[in-house]
Each structure stands twice: as C-alpha cells, then as structure tokens.
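Me: I have just opened this model and would like to go through it with you. Shall we begin with its open spaces?

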Amino acid sequence: MLQGKKILIGISGSIAAYKTILLVRILIKQGAEVKVIMTPAAADFVSPLVLETLSKNKVVIGLADGAQWSNHVMLGRWADLFVIAPASCNTLAKMAQGLCDNLLLAVYLSATCPVMIAPAMDEDMWRHPATQKNIQLLGEYGNHLMTVAHGELASGLIGEGRMAEPEDILVCILETFFRGTALQGKKVMITAGPTYEAIDPVRFIGNHSSGKMGFALAEAMYLQGADVTLITGPTHEKIQFRGINIQKVVSAAEMFAACEALFPETDIAIMSAAVADFSPSVVAAEKIKKQSAALSISLSPTNDILKYIGTRKTQKQYVVGFALETENEKANALSKLKSKNADCIVLNSLRDEAAGFGVNTNKVTILDKSGEEWVTALKSKKAIAEDIVSFIISHLHAE
Ligand code: CTP
C-alpha cells in the first residue's frame, strides 16, 4: 500500500523513541522509502546506527554534517509525509512557537508535505495547559495529531501520555494520507462471518466462518477510496480503520434486513458471509431440557440474500457472490452465479489445502458472468482481498 511513498520520520528525545525503530521497519515492509532525522537528544535514547540500517538511508541529526550542510528544505520537499514520532513536550512547544534550533525543527518549518505528530510524555506534562495549548495550535496549523494512549509511562506512573503504538500509527498513516481513489464516491456493502440461528436462549446453529475474508475485503475496498459498510455476523475479527461503518447482526434474518435496507443506496455489494440456509422454525422460549428420546428440530429456509439483491440490482449496481464448495466446484459456482444473477462469483474450494475456514491464507477462482475465469495463487487473505478488489475495479469500468 505504501509502495514508492516517501516518508520522513522525525524523532525527538523521549523514551518512546524505541517504538519508532519498529515503525521504520513496518513502513519499509509496506514498501515505503524512509529517511530519518533525529534531534541531538533523541540520539541519547536510540542508536542512529539501528535506524540507518533499517531505513537504508543516512540518519541526519545536525544542520551540518562535517563540512556539509544538511539541506532541510529539500528534505521537507522530498517527503510525501513527515511523521514526528515521538514528539516530546519540548519539541511540541518549539514547533508551536516556530523555534528552529535543530534540524528536525528546521525541516518541520520548511516542510511542504503533510505533517503527522505522535506526542509522547508524562501525564502531568501532557495535561499542563501550556502543552494543551500547543497541541491546539499545532492542530490549527494543519498538522495531523495522533491521540496519546493510556498506560504505563516511563516514570512508572499509569496515565495518559504514551506514544501511539507503531501499528496504530501505520493504520492512521494509511487511512489519513494514502487511500487510493479508484473507488472514490462508491458505496460498498459487504457481508461477512457466519450467522447464528437460535434454537433456544442458550444454543444456536452456526458454522465455521471466521469472517477474515470479508473483513480483509472491507479494508481493501476502503483503501481504494470506497465508502464501506460491513454487515457482519458474530466474529472475533476487528476492523483497523475507523472510517469503515460496521453493522453487527446475529441471525440470517437480521443480515437480510440490514442488506435489504442498504442495498438501494449501494453501488457494489460483496456477499462473503456464510449465511445459514436454514433456521429453527420455532425458537424455544426456555432452555430445552435433556431427554432420553431423540430430539428433532424443525428447520425452515432463510431468505437467500444474494439472490434477493441479485434479482433487484440495476444496471449501475455490481454484485459479487461467493461460493464455498467441496465437490463439482466450478459447475456449482457457475450455477450459483446464474441463479443468483451476480456479476461475478468468487469460488473457494475446501479441497485446496491452507484455504478456507479460520486460516489466514486462501486461494480463489473468480468466475465472471461473461465467462472469464481468474485463478489466484495461494496467498494471505489480505492479498486475495486486494486481488478481488482489483478484479472488481477493472470490471466495473467494463460494465
Ligand atoms: N448467500 C446469501 N444468503 C443465504 C445463503 C447464501 O446471501 N441465505 C450467499 C453467500 O453469502 C454467498 C452465496 O450466497 O455469496 C453462496 O453461498 P453458499 O453457501 O456457497 O451457497 P448456497 O446458495 O447456500 O448453496 P449450498 O449451501 O447449497 O451450496
């Protein structure tokens, strides 16, 4: 997602500087080009050598390096984003006042790219009115400020002031500065996870779906600029990006009601949920007691949500179905594509090793209504989601 993006990291003097080492590593793993500048105080907390090795770029600290002047103006122009993490109380105050007694501050004042700030300090310093005023000023200047976390501080006290975790900084960087535009303005509805069909107040009929694929799709669509609503059955998965709307449902009937309400406003619908096909005809009001005779539960069919929206979709709406098969995979998937009137169907075979329920990897075949067939390699569900999104983007415009 950050392939080719240039990110400048500024580190000031704070214990939290150790976390920035990890931040540099994960930014590099995302494909970003990273350069690091440090205040002289920061070099007391973390070694420039480590940062230089990880970033594969020389770390700059002073305005002059030997006989050479460090060109702060060009550093600020080189970057697509300048992230100051950690920003100590002292550095924040100087930034707010426009002071310029080190290279980091000179780059900040001359930067033409967006600036993101992750403060770190002890709670009492954080709560001081002078700090709060500086934070407010820095926000007014157009900087993006990350909130501090609550937890154990370097002083040993517990409170507010911890620098955000590197993974959270990465999520914020992706969400705030580097979302794509291919799906900008498109409203996307995604179903995910299993549904639970109540038998009595204690028991239900469910399935093994983890929701991982649907959640990965929601994030991949969102990172391409879409306005995403994820309608999910019970799952342990969490969405990283704050901008994704989540509607939690439990049963097939609740999922149907949520989709029915949202579909008229939807441009693209992706139905990746493992919706129960049957639901107990009657839900016992009290817990069913153990009995010696065999127990039969009468089941009634649920609404087929994909079929419902497939038969109502307009020319402008694009509908993606999923098919999970254990035999005659392609024939079954093609028959679902047709009977449910989807634009394409993503086929998962439970016969593919390391694909399917619960695992982090998957391998799929996308079958298009025009007869096109696209097979992916075995990859992480995140990478598969990106492939499916690319397929949707290229086929949307072919409509
Ligand atoms: N689906 C749905 N509503 C249902 C059942 C399925 O929207 N009540 C959707 C799934 O989200 C998926 C597609 O239909 O996109 C195919 O689901 P799958 O379980 O593979 O097929 P079924 O139609 O349920 O058929 P079968 O269980 O017989 O394979």
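Predicted model: local features only at pLDDT ≥ 70, side-chain atom pairs only at ≥ 80, totals over all residues.

Me: Which residues lie nearest the centre of the second largest pocket?
Reply: Residues are numbered from 1 along each chain as its sequence is written, and side-chain values use heavy atoms, leaving out hydrogens and water. A pocket here is an open set of points on a 1 Å grid over the protein atoms alone, where a 1.4 Å probe fits and protein lies on both sides within 12 Å along at least five of seven lines; lining residues have an atom within 4 Å of a point. Of the 26 residues lining the second largest pocket, those nearest its centre are Ala 216, Glu 219, Gln 240, Lys 381 and Lys 382.

Me: How many charged residues are in the lining of the second largest pocket?
Reply: The classes are nonpolar (Ala, Val, Leu, Ile, Met, Phe, Trp, Tyr, Cys and Pro), charged (Asp, Glu, Lys and Arg) and polar (the others, Gly among them). By that scheme, 12 lining residues are nonpolar and six are polar. The number of charged ones is eight.

Me: Which helices each supply at least two residues of the lining of the second largest pocket?
Reply: Helices (H or I, at least four residues) and strands (E, at least two) are DSSP runs numbered from the N terminus. The lining of this pocket also draws at least three residues from each of domain 1 (6–177) and domain 2 (187–279 + 297–398), with bounds that come from an automatic or database domain assignment. The helices asked for are helix 8 (166–177), helix 9 and helix 13 (381–396).

Me: How much space lies in the largest pocket?
Reply: The largest pocket is lined by 36 residues, with Ser 272, Ala 273, Ala 274, Val 275 and Leu 324 nearest its centre. Helix 9 (212–223), helix 11 (305–310), strand 18 (318–325) and strand 19 (344–349) each give at least two residues to that lining, which has 16 nonpolar, 14 polar and six charged residues. Grid points are joined across faces, edges and corners, and a volume is the space filled by probe spheres set on the points. For the largest pocket this comes to about 880 Å³.

Me: Which residues have the most contacts inside the largest nonpolar core?
Reply: A nonpolar core is a set of buried Ala, Val, Leu, Ile, Met, Phe, Trp, Tyr and Cys residues joined through side-chain atoms within 4.5 Å; buried means under 20% relative accessible area, exposed over 50% and partly exposed in between (1.4 Å probe, protein chains only). The largest one has 70 residues, and those with the most contacts inside it are Ile 9, Leu 27, Val 83, Ile 169 and Met 221.

Me: Which residues does Val 83 touch, not counting residues up to four places away in sequence?
Reply: Contact means heavy atoms within 4.5 Å. Val 83 is one of the residues with the most contacts inside the largest nonpolar core. Its partners, leaving out residues up to four places away in sequence, are Ile 7, Leu 8, Ile 9, Gly 10, Leu 23, Met 116, Ile 169 and Ile 173.

Me: What is omega for the cis peptide bond that joins Ala 85 and Pro 86?
Reply: Most residues other than glycine have a negative phi, and most peptide bonds are trans. Pro 86 lies in strand 5 (residues 81–87). The cis bond between Ala 85 and Pro 86 has an omega of about -5 degrees.

Me: Is Asn 328 buried or exposed?
Reply: Asn 328 is found in the loop between strand 18 and helix 12 (329–339), and its phi is positive, near 40 degrees. Its relative accessible area is 52%, so Asn 328 is exposed.

Me: What is the phi of Asn 341?
Reply: Asn 341 sits in the loop between helix 12 and strand 19. At 36% relative accessibility, Asn 341 is partly exposed. Although not a glycine, Asn 341 has a positive phi of about 55 degrees.

Me: How far apart in space are Leu 145 and Glu 254, C-alpha to C-alpha?
Reply: Leu 145 belongs to strand 7 (residues 144–145) and is partly exposed at 23% relative accessibility. Leu 145 and Glu 254 are 109 residues apart in sequence. In space, their C-alpha to C-alpha separation is 38 Å.
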